[in-house]
Amino acid sequence: MLSRLSTQAVRRHAAALVQARRGISVQSLLHGSPEAKQEGDVQIQQHSRLVARGKYIHGFEVHKVKPSAVEEYKKAAEAYYTAIKEDPELHVKLTGSWEAVVGEQDTFYHILEYENYSGYDKTTQKIRSSEHLDTYNKLIPYLTGRSQQLCQEFAFFPTVPPRTEGGIFELRTYQLHPGTLLQWEHAWRKGIEARRKFVAPVGAWFSQVGRLHQVHHLWQYPDLQSRKDTREKAWQLDGWSETVTKTAEYSAVMDAIVLEPLPFSPLK
């Protein structure tokens, strides 16, 4: 009898160990880095607070347009985005508007700057009850798809003010492994100094609502050849190669889209 009880106790203990190991495996899949595994989802949210500038929320609006309606769309987009950026009752500024020329074709990117989440709430509520909604609805027939994402700026990488320098823009988007945002920020805080010696960044953001665990970097160059030359020069500086290695380590997917600013874009 005692032997039977002892055997059952051993089996229960073994089953508990297996369950605990499964829990650790699931936690590893969810949180990625050792730090995130220990600290969990609450700490990941705290990471966002540590790396964010916190002053503004940036809305990324992406429109996929019918190839046959690109010119009509551009006119409708100018009417809408120009109207909302000039409306003093709205808590929003237009950072910039661009058309993709390398990457997914017939795709347009609009980045809006809100006075934090309260500014976003107030702006969207006012738009829904104003003539701006009618102006926006005129865009709809020209679209095949649209998406929106709310992002925060990295504290070390604030968005530049409106300017006209010409050339092209590059939007680099990274899909991070969950739990690696803080490590990403540390790697780029060091590595960005190497890039600043040759080109000043336009802005950098990480997602908060919409597709999560995404980072966006925006750069501006005179042309594609200048982009190539600048990137090659950066490799000659200490710290940049390590940043690139960490970028590959923390990323699941990376995209580089070449953009041209629309005529009404404050950044161009």
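Threonine 243 is found in helix 8, which covers residues 240-250; helices here are DSSP runs of H or I with at least four residues, strands are runs of E with at least two, and both are numbered from the N terminus. The model is predicted, with local features requiring pLDDT of at least 70 and side-chain atom pairs counting only at pLDDT 80 or more, while totals for chains, interfaces and linings use all residues. Residues are numbered from 1 along each chain as its sequence is written, and side-chain values use heavy atoms, with hydrogens and water left out.

The side chain of threonine 243 reaches the backbone oxygen of glycine 239 at 3.0 Å. Leaving aside neighbours within four places in sequence, threonine 243 is in contact with Ala187, Trp188 and Gly191, where contact means heavy atoms within 4.5 Å.

Helix 6 (residues 181-196) has 16 residues and reaches 21 Å from its first C-alpha to its last, close to the 22 Å expected at 1.5 Å a residue, the expected span being 1.5 Å times one less than the number of residues. A kink of about 30° is centred on lysine 190 in helix 6; the bend at a residue is the angle between axes fitted to the seven residues ending there and the seven starting there. Among the buried residues of helix 6 are Ala187, Trp188, Gly191 and Arg195.

The charged end of arginine 195 sits over the ring of tryptophan 219, 4.1 Å from its centre; this description requires NZ of Lys or CZ of Arg within 6 Å of the ring centre and within 35 degrees of the ring normal. Tryptophan 219 also belongs to one aromatic cluster with Phe154, Phe156, Phe157 and Phe206.

Valine 258 is found in strand 8 (residues 251-261). The C-alpha atoms of valine 258 and glutamate 104 are separated by 9.6 Å, although these residues are 154 residues apart along the chain. Leaving aside neighbours within four places in sequence, the residues in contact with valine 258 include Val101, Val102, Ile168, Phe169 and Leu224.

The table sets out two accessibility values; buried means under 20% relative accessible area, exposed over 50%, and partly exposed in between, with a 1.4 Å probe and protein chains only.

| Residue | Relative accessible area | Class |
|---|---|---|
| Threonine 243 | 2% | buried |
| Valine 258 | 9% | buried |

Key
Polar contact = N/O pair within 3.5 Å; in protein donor to acceptor, adjacent residues only side chain to side chain. Phe/Tyr/Trp six-rings, centres within 6.5 Å; stacked < 30°, edge-to-face > 60°.
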